[in-house]
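Welcome! Here is a short tour of one protein chain for anyone meeting it now.

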Amino acid sequence: AYGTDRKTIAEQFYGEGANPTANILVGIPAFESPNTSWEFDIEKGRQALDAAGWTLNGDIREKDGVQLKVTYAASINPVRQKTQAVNKQNWEQMGFDVQLKQVAASVFFDSSPGNEQNYNHFY
C-alpha cells in the first residue's frame with residue numbers, strides 16, 4: 001500500500017474531481033468506509049518489508065528462499081496500463097519483481113469456469 005501513488009493515479013489518469021482513496025467502493029457515502037486510509041511513502045514501505053523479514057538480494061527481496069514476485073494483471077485499457085506502469089515503477093523501488101499482464105476485457109471479465117485469464121482466477 002505504501003508503494004501505491006493513489007494521488008498521481010487519481011489526478012493524472014482520472015481527471016478533475018477524482019479523489020485518491022483506499023476504498024474499493026467510492027462515490028456512495030453509505031458504502032465508503034471511514035476506517036480506511038492510505039499513505040504513499042516508498043521508504044516506509046521498504047521499512048515495513050524489512051521488518052517483515054523480506055531482505056534485498058540484488059534488486060529483489062526474498063524471504064525463506066522465496067522471491068517477492070507479483071504478476072499484475074488488468075484488462076486492456078489506456079488508464080489501467082498507465083496505472084500498472086506507475087505501480088510497477090514504485091513497487092520495484094521497494095524490491096518487488098513485477099510482471100505486467102494485459103488481458104482483453106472480454107476475457108478478463110468473463111466468468112466462464114474454464115477461463116483461467118479472468119479476474120476471478122488470478123490467485
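Let us start with S75, which is found in strand 4 (residues 69-75); helices (H or I, at least four residues) and strands (E, at least two) are DSSP runs, numbered from the N terminus. The model is a predicted one, where local features need pLDDT of at least 70 and side-chain atom pairs count only at pLDDT 80 or more, while totals for chains, interfaces and linings use all residues. Residues are numbered from 1 along each chain as its sequence is written, and side-chain values use heavy atoms, with hydrogens and water left out.

**Around S75**

With a relative accessible area of 1%, S75 is buried (buried means under 20% relative accessible area, exposed over 50%, partly exposed in between, with a 1.4 Å probe and protein chains only). Its side chain makes a polar contact with the side chain of R80, at 2.9 Å. Such a contact is a pair of N or O atoms within 3.5 Å; within protein, one must be able to donate a hydrogen and the other to accept it, and residues adjacent in sequence count only if both atoms are side-chain atoms. Leaving aside residues up to four places away in sequence, S75 touches R80, Q81, V103, A105, F108 and F109, where contact means heavy atoms within 4.5 Å.

**Aromatic rings**

A pair of aromatic rings is described by the distance of the centres and the angle of the planes. Rings of Phe, Tyr and Trp (its six-membered ring) pair if their centres lie within 6.5 Å; planes under 30 degrees apart count as stacked, over 60 as edge-to-face and the rest as tilted. How many aromatic pairs does this rule give? The count comes to five, and the table shows two of them, W91 with F96 and F108 with F109.

| Pair | Centre to centre | Angle between planes | Type |
|---|---|---|---|
| W91 and F96 | 6.4 Å | 45 degrees | tilted |
| F108 and F109 | 5.0 Å | 85 degrees | edge-to-face |

W91 is buried, at a relative accessible area of 17%. F108 is buried too, at 9%, whereas F109 is partly exposed, at 44%. Y72, W91 and F96 form one aromatic cluster.

Three strands make an open sheet in the order 1-2-3, with antiparallel pairing. Its edge strands are strand 1 (55-57) and strand 3 (66-67), each pairing on one side only. Two strands pair if DSSP finds at least two bridges between them. Strand 2 (residues 60-63) and strand 3 pair in the antiparallel sense over two bridges, and K63 stands opposite V66 in strand 3.

**The loop with I24**

I24 is found in the loop between helix 1 and helix 2 (42-51). Is I24 buried or exposed? It is exposed, with a relative accessible area of 81%. I24 and T36 are twelve residues apart in sequence and 9.9 Å apart in space, C-alpha to C-alpha.

**The whole chain**

The protein chain has four helices and five strands, following the pattern α-α-β-β-β-β-α-β-α along the sequence. Its C-alpha trace spans about 40 × 40 × 25 Å along the principal axes. Of the 123 residues in the protein chain, 28% are buried. Among contacts with a separation of 6 or more, 51% are between residues 24 or more positions apart.
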